[in-house]
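Please examine the model shown below before reading on.

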Amino acid sequence: MTQKTHHERSKEALFAKAQLYSESMAENADTEWKFGLWSAFTLEMLVRGSVAANSPALVGDTQDWSNILYGLGIQPKKAKFVPKSASISDLFSRAEELVPDFSREHASFCVSHFARRNSEVHSGSLPFENVGSATWLPMFYAVCEVLLANIGESLETLLGRETRQWRAKISPRCVTKPRNP
């Protein structure tokens, strides 16, 4: 029996990668800079996966329509084609249109969280070292819940069962009630 593999831009593949990144996040205390950095990587995969839930083609960069073909599962005829994803800022715009309950406030949080990630990766700055997780973690969870709901997953499937209890200690107002199926 052959096992079906998912397109690398499918919601399943991107969620699986988010899970791997969240495991690395969980290996660090929430006071460590690595926790923040891995949270940003996790969040990016969730944004991508949530957009891909509509179609993997929507994750592609629109500057070259071959990326759209690739997202549809069609191998472009272009010589030496290398698939390119849309920028994360383009994906925020797409998420605002496609993901129920993904608000401007959620997008603004993502922009600031990714700015810290970019500063961490592309400069000598240590932005996650200088900001406490209590300032961003409640909104991180709130945004994750919205994105996860769009792909049919939950915080518990991403981060583990203890997440909801731990999160409740940080910010009781941030805990949402489970949805009824």
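The questions and answers below concern this predicted model.

Q: How many helices and how many strands are there in the chain?
A: The model is predicted. From the N terminus on, the elements run α-α-α-α-α-α-α-α. The count for the chain is therefore zero strands and eight helices.

Q: What percentage of the residues of the chain count as buried?
A: A residue counts as buried when its relative accessible area is under 20%. Applied to the 181 residues of the chain, this cut-off gives a buried share of 44%.

Q: What share of the contacts with a separation of 6 or more comes from residues 24 or more positions apart?
A: Contact here means heavy atoms within 4.5 Å. Among the contacts in the chain with a separation of 6 or more, residues 24 or more positions apart account for 63%.

Q: Which residues are linked with E44 in a network of salt bridges?
A: A search of the whole structure finds five salt bridges. In one of them, the closest N and O atoms of E44 and R48 are 2.9 Å apart. In another, the side chains of E44 and R117 meet at 2.2 Å, N to O. The residues linked with E44 in the network are R48 and R117.

Q: Why are E44 and R48 separated by about one helical turn?
A: E44 and R48 both belong to helix α2, residues 33-52. The two are separated by about one helical turn because their spacing in this helix is four residues.

Q: How many residues apart are E44 and R117?
A: The side chains of E44 and R117 form a salt bridge. This pair links distant parts of the chain, with E44 in helix α2 and R117 in helix α5. Their separation is 73 residues.

Q: Are E44 and R117 buried or exposed?
A: The relative accessibility of E44 is 12%, and the relative accessible area of R117 is 9%. The cut-off for a buried residue is under 20%. E44 and R117 therefore count as buried.

Q: Which residue forms a salt bridge with R104?
A: R104 has a relative accessibility of 57% and so counts as exposed. The closest N and O atoms of the pair are 2.9 Å apart. The partner has a relative accessibility of 25% and counts as partly exposed; this residue is E96.

Q: What is the distance from R94 to the nearest side chain of opposite charge?
A: R94 is found in helix α4, residues 88-98. R94 is buried yet has no salt bridge, and a salt bridge requires a nitrogen-oxygen pair within 4 Å. The nearest side chain of opposite charge is that of D90, at 4.5 Å.

Q: Which residue has its backbone oxygen 2.3 Å from a polar atom of the side chain of R94?
A: Not counting residues up to four places away in sequence, R94 touches V51, L58, V59, G60, T62 and A86. The backbone oxygen that lies 2.3 Å from a polar atom of the R94 side chain belongs to L58.

Q: What separates the C-alpha atoms of V99 and N150?
A: V99 lies in the loop between α4 and α5, and its relative accessible area of 4% means that V99 is buried. Beyond four places in sequence, V99 touches S50, V146, L147 and N150. V99 and N150 are 51 residues apart along the chain, yet their C-alpha atoms are separated by 6.3 Å.

Q: What is the phi value of D101, which is not a glycine?
A: D101 lies in the loop between α4 and α5. With a relative accessible area of 65%, D101 is exposed. Its phi is positive, at about 75°.

Q: What is the phi value of K80, a residue other than glycine?
A: K80 is placed in the loop between α3 (66-71) and α4. At 80% relative accessibility, this residue counts as exposed. The phi of K80 is positive and near 55°.

Q: What is the volume of the largest cavity?
A: The structure holds one cavity of 30 Å³ or more. The lining of the largest cavity consists of D30, T31, E32, G36, F128, V131, S133 and W136. Its volume is about 40 Å³.

Conventions. Residues are numbered from 1 along each chain as its sequence is written. This is a predicted model: local features need pLDDT of at least 70, side-chain atom pairs count only at pLDDT 80 or more; totals for chains, interfaces and linings use all residues. Side-chain values use heavy atoms; hydrogens and water are left out. Buried means under 20% relative accessible area, exposed over 50%, partly exposed in between (1.4 Å probe, protein chains only). Lys and Arg count as positive and Asp and Glu as negative; His and the chain ends are not counted. A polar contact is a pair of N or O atoms within 3.5 Å; within protein, one must be able to donate a hydrogen and the other to accept it, and residues adjacent in sequence count only if both atoms are side-chain atoms. On a 1 Å grid over the protein atoms alone, a cavity is a set of points where a 1.4 Å probe fits but cannot get out, and a pocket is an open set with protein on both sides within 12 Å along at least five of seven lines; lining residues have an atom within 4 Å of a point. Grid points are joined across faces, edges and corners, and a volume is the space filled by probe spheres set on the points.
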